[in-house]
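Reader: I am new to this structure and would like to be taken through it. May we begin with the strands and then turn to the salt bridges?

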Amino acid sequence: MATYSVSLPGNWWFHKNESLDQIQICSIGSGKCTGTGGGFPLAGALFITLTPVDNLPDHQQYTAVGDIVSTIPHAGMPAPAVSRVELGSGGGSRECQVARSLLFDALWDDVYGLSVNGRLFRVWAQYNRNPKMDAANRIKVVGILSSVSVHTER
């Protein structure tokens, strides 16, 4: 069985959903990232959900990062452009792609397909559109994804 780990910037909040082996990550240390009952991120919050694809509840059969980014729901919108993401040197075999959508002209909704040493992850990042912060938020996401490592339990 393969496990994984991820490094987060200091004072970021996280929660692990054991049943899905999923990590929810928030740039706001208090964890108050979304409105009551979930929903969209609050102003200034970057919210990331990292899930191994074998634990996704939608039971899709993902075999490559391209499958992950091409099967995201579009809710009547045109399919978003998919682009390759260059990851830092975290070691091992890595591949990453992103499908980026701007919802309601106000919310970035990014779905990443990530492969680390053959283990696939779906990563969902949401943050409010802010031209002064958009690039910085994307750099933060890539930094976190670059830190993911997979370990084989014996």
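Author: In this predicted model, strand 6 and strand 7 (residues 107-116) pair in the antiparallel sense over 10 bridges. Glu95, for instance, stands opposite Ser115 in strand 7.

Reader: How many residues lie between strand 6 and strand 7 in the hairpin?

Author: The hairpin formed by strand 6 and strand 7 has 3 residues between the two strands. Phe104 is in this turn, with a positive phi of about 55°.

Reader: Which residue of strand 6 does Val82 stand opposite?

Author: Val82 stands opposite Ala99 in strand 6. Strand 5 (residues 82-84) is joined to strand 6 by 3 bridges, and these two strands run antiparallel.

Reader: And how many residues of strand 6 are buried?

Author: Strand 6 (residues 94-103) is mostly covered, with 7 of its 10 residues buried.

Reader: Now to another topic. How many salt bridges does the structure hold?

Author: The structure holds 6 salt bridges. One of them is between the side chains of Arg100 and Asp110, at 3.2 Å from N to O. This pair links distant parts of the chain, with Arg100 in strand 6 and Asp110 in strand 7, 10 residues apart.

Reader: Why does Asp110 count as buried, and why is Arg100 counted as partly exposed?

Author: Asp110 counts as buried because its relative accessibility is 0%, and buried means under 20%. Arg100 counts as partly exposed because its relative accessibility is 25%, which falls between the 20% limit for buried and the 50% limit for exposed.

Reader: What about Arg84 and Glu86, buried or exposed?

Author: Both Arg84 and Glu86 are exposed. Their side chains meet in a salt bridge, at 3.1 Å from N to O.

Reader: Which residue forms a salt bridge with Asp54?

Author: Arg119 forms a salt bridge with Asp54, and their closest N and O atoms are 3.7 Å apart. The two residues are 65 residues apart and belong to distant parts of the chain: Arg119 is in strand 8 (residues 119-128), while Asp54 is in the loop between strand 4 (46-52) and helix 1 (65-70).

Reader: And is Arg119 buried or exposed? What about Asp54, buried or exposed?

Author: Arg119 is buried, with a relative accessible area of 10%, whereas Asp54 is exposed, with a relative accessible area of 55%.

Reader: Which residues do salt bridges that share partners join into one network?

Author: That network consists of Lys16, Asp21, Asp54 and Arg119, joined by salt bridges that share partners.

Methods:
Residues are numbered from 1 along each chain as its sequence is written. This is a predicted model: local features need pLDDT of at least 70, side-chain atom pairs count only at pLDDT 80 or more; totals for chains, interfaces and linings use all residues. Side-chain values use heavy atoms; hydrogens and water are left out. Buried means under 20% relative accessible area, exposed over 50%, partly exposed in between (1.4 Å probe, protein chains only). Helices (H or I, at least four residues) and strands (E, at least two) are DSSP runs, numbered from the N terminus. Two strands pair if DSSP finds at least two bridges between them. A salt bridge is a side-chain nitrogen of Lys or Arg within 4 Å of a carboxyl oxygen of Asp or Glu.
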